[in-house]
Amino acid sequence: MRILLTNDDGIHAVGLCALYEALADENDVFVVAPDSERSAVGHAITIADPLRARLVKKNKEPFGWAVSGTPADCVKLAVHELIRQPVDLVVSGINQGANIGASVLYSGTVSAATEGAMLNIRSAAFSLEGYRDGDFCLAASIAKELISLIAGLDIPKSVALNINIPALPLNRIAGFKITRQAVAMLDEQFDRRVDPRGNIYYWQSDVSVSYFEDDNTDILALKNGFISITPIHFDLTAYNMLNKLLCLDFNKI
């Protein structure tokens, strides 16, 4: 397969390098990733500034393109300009930290996969739970096996898969679960500070998340040691509201 590999942690991130090593032997892997960390940028794209792409080498060999933009920019630029060949699969990750519940909307990792889906390319995002002691080699081997399965599935190209792997040894991973995105309420707190020149600034200090959980959510699957696989798409329509809105009398306006 011809695979476009990207992320939001930057082209030198451990998770991306582990995934490249796992996939490169059996696939044509093209790396196009941000030149530095672009976490939590969501589906932002760059329109007011030029995008710069430079070739990055590892061990004196070409490795991939570092782009001065967002993950979504990377996918767009790769597909339209840098690769110049049809792409079979967009793979984003492996992100450091889970992308579940509300964080899916903020995630650059997931947005890169969603951008692939918008370009009608089969896509998947991979994330590893936690921010310390994660085994990216194990996560990459799991991702490799899942990618082999994904390639043979009849998945609509407008749908991306959001896959989260628990930070556990292989013998403690409970299995796989097909899940839905959890619904979450965020409680965010900010520290108010003053710089040496007397200017006030704010630093986000804490985010607590309350999830409305049931057996089918990504958050609960991950809590219970399962690899969570959630199909997502870019249609944000609240279909249950259409009929209610149609009942409004707009002639009164």
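Helices and strands are DSSP runs, numbered from the N terminus. In the predicted model described here, Lys60 is found in the loop between strand 3 (53–58) and strand 4. Strand 4 covers residues 61–67. Phi of Lys60 is near 65°, which is a positive value in a residue other than glycine. The relative accessible area of Lys60 is 77%, and exposed means over 50%, so Lys60 is exposed.

The protein chain as a whole contains 7 helices and 11 strands. For its 253 residues the globule rule gives a radius of gyration of 18 Å; the value for the chain is 20 Å, close to this, so the chain is as compact as a globular protein of that length. Taken along the principal axes, the box filled by the C-alpha atoms is roughly 65 × 55 × 45 Å. Among the 253 residues, 43% count as buried. The accessible surface of the chain comes to about 14300 Å², and carbon and sulfur atoms hold 53% of this surface. Of the contacts with a separation of 6 or more, 76% are between residues 24 or more positions apart.

Helix 1 spans residues 14–23. Of its 10 residues, 7 are buried, so helix 1 is largely enclosed by the rest of the structure. The buried residues of helix 1 are Gly15, Leu16, Ala18, Leu19, Tyr20, Ala22 and Leu23. These buried residues pack against several elements: strand 1 (2–6), strand 2 (28–34), strand 4, strand 5 and helix 5.

Tyr20 lies in helix 1 and Phe63 in strand 4, so the pair ties together parts that are 43 residues apart in sequence. Both Tyr20 and Phe63 are buried.

Two further features concern the backbone. The peptide bond from Gly93 to Ile94 is cis, with omega near 0°. Ile94 is found in strand 5, which covers residues 89–96. Asn120 has a phi near 65°, a positive value in a residue other than glycine. Asn120 is found in the loop between helix 4 (108–118) and strand 6.

Several loop residues were also examined. His43 is found in the loop between strand 2 and strand 3. The relative accessibility of His43 is 30%, so this residue counts as partly exposed. Leaving aside neighbours within four places in sequence, His43 is in contact with Ala72, Ser111, Thr114, Glu115 and Met118. The C-alpha atoms of His43 and Leu168 are separated by 30 Å, and these residues are 125 residues apart along the chain.

Arg132 is found in the loop between strand 6 (123–128) and helix 5 (136–152). With a relative accessibility of 74%, Arg132 counts as exposed. Between Arg132 and Ala44 there are 27 Å in space, C-alpha to C-alpha, and the two are 88 residues apart in sequence.

Gln181 lies in the loop between strand 8 (175–178) and strand 9 (183–194). Its relative accessibility is 29%, so Gln181 counts as partly exposed. When neighbours within four places in sequence are left aside, the residues in contact with Gln181 are Gly101, Ala102, Val104, Asp218 and Thr230. Gln181 and Ser39 are 142 residues apart in sequence, and their C-alpha atoms are 20 Å apart in space.

Conventions
Residues are numbered from 1 along each chain as its sequence is written. This is a predicted model: local features need pLDDT of at least 70, side-chain atom pairs count only at pLDDT 80 or more; totals for chains, interfaces and linings use all residues. Side-chain values use heavy atoms; hydrogens and water are left out. Helices (H or I, at least four residues) and strands (E, at least two) are DSSP runs, numbered from the N terminus. The radius of gyration is taken over C-alpha atoms; the globule rule is 2.2 Å times the number of residues to the power 0.38. Buried means under 20% relative accessible area, exposed over 50%, partly exposed in between (1.4 Å probe, protein chains only). Contact means heavy atoms within 4.5 Å. Accessible areas come from the Shrake-Rupley method with a 1.4 Å probe; for residues, only the protein chains shown count as cover.
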